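The report below treats the packing of helices, a pair of aromatic rings and the confidence of the model.

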Amino acid sequence: MAKKFMNVVEFEIGWRLIVGTLIAFCGAAFGSAGGIGAGGIFVPMLTLVIGFDAKSSAAISKCMIMGLSCATVYYNLKQRHPTLDRPLIDYDLALAVQPMLLLGISTGVTLSAVFANWMVTVLLIVALVGTSTRSFFKGVDRWKKETIEQRSRQQPRVQPKVQPRVQSRVSVAENVKWKQLCILVIVWLAFLAIQIIKIINSSNNRYGLVYRACSIAYWVLNLLQIPVAVGATLYQAHTLRRSKRLAHNTAEEASVLWMGTQQLVFCVLVAMLAGTLGGLLGLGGGFILGPMFLEIGIIPQVSSATATFVMTFSASMCVDEYFLLDRFPLPYAAYMVVIAIIASLTGQYVVKKWIARAGRASLIVFILSFILFASALLLGGEGIVDMVYKIKHNEYMGFEDLCTTASSKATALLDARYKV
């Protein structure tokens, strides 16, 4: 007897779907331009506007983010760095942070079985508001610098600096660093294989196998992720040092402002922290990666493109997991993915044209800040409502026991993963 992998539900057109489509289009367009998934907008929209339950909303949201990310990455694969003769996506940086980001997400998901919902809500609001505020001030600083540069170019006595002529678009084959991409895919497949094994052997699954928290198999599968992440990171660090990429460059010339080994260690540790907070809070880590890229001196165009590229791997991994768990209301998921793809391509095109005309890449930073702040309001609001409900009904709000709760929550935890 064939197993049913997709939940097919009737597709109904009404005012809820129309309003949800408009919100989804705007969220995907802004999220694509800002280099961050808009799950903090998608999930509340799917739940409050269209009326899906939390599990279906999380699954559809992740499909939308994957569609958004894939479309954005495809668009950026043809783009070149605005001032240097190199791809817009920084593959070296992506390989440096992606393994530890995936490891951190897995760690955060495990910790989320222990933390109470109100703790997660408070941490969620603090993290999103903090990164949003920091990104906003980064945008203001860049706006001021751009204003000074524009004024200096308008002065007739000042000879403008001649920039090297760089191709803005090339073919995908010419613009991909295949070695780094292959390693990224291998790391992604390794993590995906471990997650699939955990799902297939989780308790109360359709495969008839049992996987209990704190068992030997539980710790072996979780610890297997460490050598994969650490090994890939050390390999990339060795490669960067051997290629002398870990050298000081001026901020005007660098897509990545490597300042030596300390800079690389900082990026790796922040990627691990981003993944841990992302898994714990139900986010994808992009809400920290984007601001971190800006913090170390990456120009907004490269920051947005690289963050989206890294986000594609985590998003696609989660979609594969949802596929195994039969969480897709197929017609709605397909429809929303199409909307996300169209919106992301539109957002990329409009923002690129605006930057070329106005000469202000700071727009990307402001969009990033806006998405983070909107996510803080929407997701934080949902968490506060849930917290008030539990207080009124005198429900337990303390720490949970990992060994007794993780097994029962093994499926439910996926509903909170990778929203942004």
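The crossing of α2 and α14 is left-handed, a term used when the near helix is turned anticlockwise from the far one by less than a right angle. This is a predicted model, in which local features need pLDDT of at least 70 and side-chain atom pairs count only at pLDDT 80 or more, while totals for chains, interfaces and linings use all residues. Residues are numbered from 1 along each chain as its sequence is written, and side-chain values use heavy atoms, with hydrogens and water left out.

Contact (heavy atoms within 4.5 Å) is made by Gly40, Ile41, Pro44 and Thr47 of α2 and by Ile371, Ala374, Ser375, Leu378, Leu379 and Glu382 of α14. Helix α2 (residues 39-50) packs against helix α14 (residues 362-392) at an angle of about 40°, with the axes 8 Å apart.

In helix α12 (residues 300-324), Phe309 and Phe313 lie four residues apart, about one turn of the helix. Their ring centres are 5.4 Å apart and their planes stand at 85°, so the pair is edge-to-face, where rings pair if their centres lie within 6.5 Å and planes over 60 degrees apart count as edge-to-face.

The mean pLDDT of the chain, the predictor's confidence in each residue from 0 to 100, is 76, and 78% of the residues reach 70 or more.

| Stretch | pLDDT | Contacts in the model |
|---|---|---|
| residues 1-8 | under 50 | 18 beyond four places in sequence |

Where pLDDT is low, the predicted coordinates should not be read in detail.

How values were computed. Axes are lines fitted to C-alpha atoms, for helices over the stretch in contact, and angles run from 0 to 180 degrees between N-to-C directions. Helices (H or I, at least four residues) and strands (E, at least two) are DSSP runs, numbered from the N terminus. Rings of Phe, Tyr and Trp (its six-membered ring) pair if their centres lie within 6.5 Å; planes under 30 degrees apart count as stacked, over 60 as edge-to-face and the rest as tilted.
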